[in-house]
Amino acid sequence: MSVIGAYARALAVRTGFAQPVASVRHIHLAEAPLVLVPLRMAGEANAPLAAMAGTDELSGTLLVVPQPRDRDLRFAFAGLLGDLLLGYVERCAAAGSEPVKPPRTPRQPAGRPLPDSLLSGSPSSSPGGAGGAAVAAGPEGTAGAADGDLRADEDALAAAEATGPERFLDAPQVLVPNRAGVEFARLFGRSTRFRSTLGEYAVPAGVPLLGRWLTFLAQRAEHPGSSALVAMTEALTLHWATGQSALEDANLAALMAWIDPPDGLSGPEAARLAEDPRTWPPAGPTTDPQFDNRVLAPAIAAYDEAIALLREQAGLAGAPDPLLADPDVIDSRFRAADLGAARVWPGAPDAPVQSWLRARDEVERAVRGQIEPTWRLMWRAVRRLRELPDAASVPRRWEQDRTRFTSYYAYLRDEDGGLPQARRDGAVAAARRLAVLERELAAYEADQAFDDPLVLANQRVTGDAFVGTVVAAERDRRIANERGTLVTRPLVEVVTVDPVRLPIGTKVCSPARVGQTGVIMSLEPAADGLLVSLELSGGMGRAKVPPPGSVPDMDEVISYTSVLPDGAFSAALPAPEDTPWTHGGPPTPYEPTDGDAEETWA
């Protein structure tokens with residue numbers, strides 16, 4: 001926990017209300033994000049029980065599996081959820097595209113890592129679907145199902161040189177209640193992306209695509225600063241500190257009770273009420289054990305008895321079973337009871353049909369009572385986050401999400417593409433992925449400090465940043481570089497009262513002049529604080545005399561931080577085919593087999 005975060009928590013305890021730890025919003029919020037609230041059945045390996053999804057609070061779709069142990073019902077549920085998610089993906093793609101300047105073919109200096117566009121898999125250079133958007137960068141994890149089966153980097157270079165690349169104007173953003181919801185998406189994607197639409201274990205056509213898109217979103221959630229798949233509890237704690245523990249902050253209802261308590265209640269009072277599962281059921285995916293035992297289990301047992309009796313009597317009457325072709329997943333957009341018994345199960349006796357429909361409705365009512373409070377809470381949290389202005393770097397990071405979406409969308413529609421992501425990375429792919437995540441984390445932390453004075457304040461407390469007043473500036477100072485050429489290197493002196501704990505020679509940067517870096521030349525005590533001498537470079541053009549405004553002026557209050565966006569580098573890595581035997585050797589090329597569809601559910 002940071003010093004500012006600890007102070008904010010102590011202040012929250014004293015005042016009884018959550019305290020802001022950010023002055024701007026560090027995540028992107030789409031105009032119409034897809035809110036997804038999943039529930040799974042206790043005791044089963046990620047077996048889906050229900051999900052509520054939609055882009056509008058008043059028109060969410062509830063899907064319920066009345067018997068989660070039934071394989072056919074699970075995949076029928078996945079097919080319906082896939083229709084919702086894939087429809088949302090297509091709407092994002094249909095929003096149009098914008099031209100993107102083709103990047104220059106990158107060169108890899110000795111000992112330096114490859115650029116991000118070559119570390120995220122293989123792009124496709126063909127146009128892709130709506131908007132005719134071609135690939136602007138490599139997609140997220142476009143490996144085959146074998147371990148670390150990644151395409152060669154030459155494919156990425158060829159795509160980077162493609163003429164006229166475009167990027168979608170929008171990208172899908174999925175909001176889930178908590179980190180467990182992100183994990184549910186990852187596991188559910190793993191369970192469905194290898195399935196086949198043909199053969200003995202055939203599933204609905206949208207199931208494999210659902211799995212690949214869920215995996216894509218789960219992989220993007222690992223990237224610092226990405227807004228493709230967001231856990232609401234993490235988004236809220238990024239901007240507010242409460243007076244409860246981090247474990248209690250994982251409860252969305254208790255967290256919102258501190259941030260936005262009802263009128264007349266303090267944060268602790270509202271949080272105590274929010275921890276009652278009868279008033280605010282768990283945000284999932286795991287349900288309350290008391291609900292499971294006292295409500296859900298009897299309702300599912302009654303459904304099983306009703307459907308078994310109905311099938312028995314319908315069989316005696318010679319009525320065919322319509323659920324063989326259309327498994328009985330409850331979809332709130334369609335009410336079977338409104339159709340009448342004769343249309344729901346033609347030829348079956350009316351009494352057992354009505355008993356089945358009542359049992360079906362009872363399961364839906366029980367699940368709806370558990371999931372709707374979280375659904376309303378999610379949209380309340382969205383409105384609360386919208387009150388914060390966007391941080392300056394948010395559009396750039398969302399642009400990266402749109403680029404990845406464009407690339408993966410095109411890859412899935414490429415005649416040579418569409419393979420599911422790898423179950424696990426090979427040695428080289430894993431090292432490259434880790435290098436990307438480390439650089440993105442460094443860049444994200446720097447962005448937060450540059451965008452937000454409250455984040456910068458924490459670095460000031462730890463001595464990694466300082467704010468002071470310019471007391472001297474040598475604007476036209478020129479020195480010889482290592483080649484003997486005279487270069488402009490202004491020298492400025494800043495007086496600060498902050499506890500600077502940076503050694504001489506440390507590189508720093510000011511949020512006011514992001515393209516300019518400074519090197520600490522000396523640290524000397526002063527009458528009113530500490531005198532920091534900085535040698536500046538960059539951000540001044542090519543003129544011998546820096547233009548006005550490019551160098552801090554006398555009496556200017558300025559801040560500097562040592563948290564820089566380029567603070568993480570990795571060693572050069574071999575090509576996948578050159579993986580040494582100590583790390584498993586070169587990965588085996590992926591060849592689809594019938595065994596892919598037989599993977600265990602979780």
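Q: Hi! Is Cys509 buried or exposed?
A: Cys509 has a relative accessible area of 3%, so it is buried (buried means under 20% relative accessible area, exposed over 50%, partly exposed in between, with a 1.4 Å probe and protein chains only). This is a predicted model, where local features need pLDDT of at least 70, side-chain atom pairs count only at pLDDT 80 or more, and totals for chains, interfaces and linings use all residues. Residues are numbered from 1 along each chain as its sequence is written, and side-chain values use heavy atoms, leaving out hydrogens and water.

Q: And why does Cys92 count as buried?
A: Because its relative accessibility is 2%.

Q: How many disulfides are there?
A: The structure holds zero, a disulfide being a pair of cysteine sulfur atoms within 2.5 Å.

Q: New topic: how many residues of H5 are buried?
A: 15 of the 16 are, so H5 is largely enclosed by the rest of the structure. Helices here are DSSP runs (H or I, at least four residues), numbered from the N terminus.

Q: Which residues lie nearest the centre of the second largest pocket?
A: Those are Leu323, Asp326, Pro327, Asp328 and Val329, out of 33 lining residues. A pocket is an open set of points on a 1 Å grid over the protein atoms alone, where a 1.4 Å probe fits, with protein on both sides within 12 Å along at least five of seven lines; lining residues have an atom within 4 Å of a point.

Q: Which helix gives the largest share of that lining?
A: H2, with seven residues. Helices H2 (71–93), H10 (289–316), H11 (341–344) and H12 (350–386) each supply at least two.
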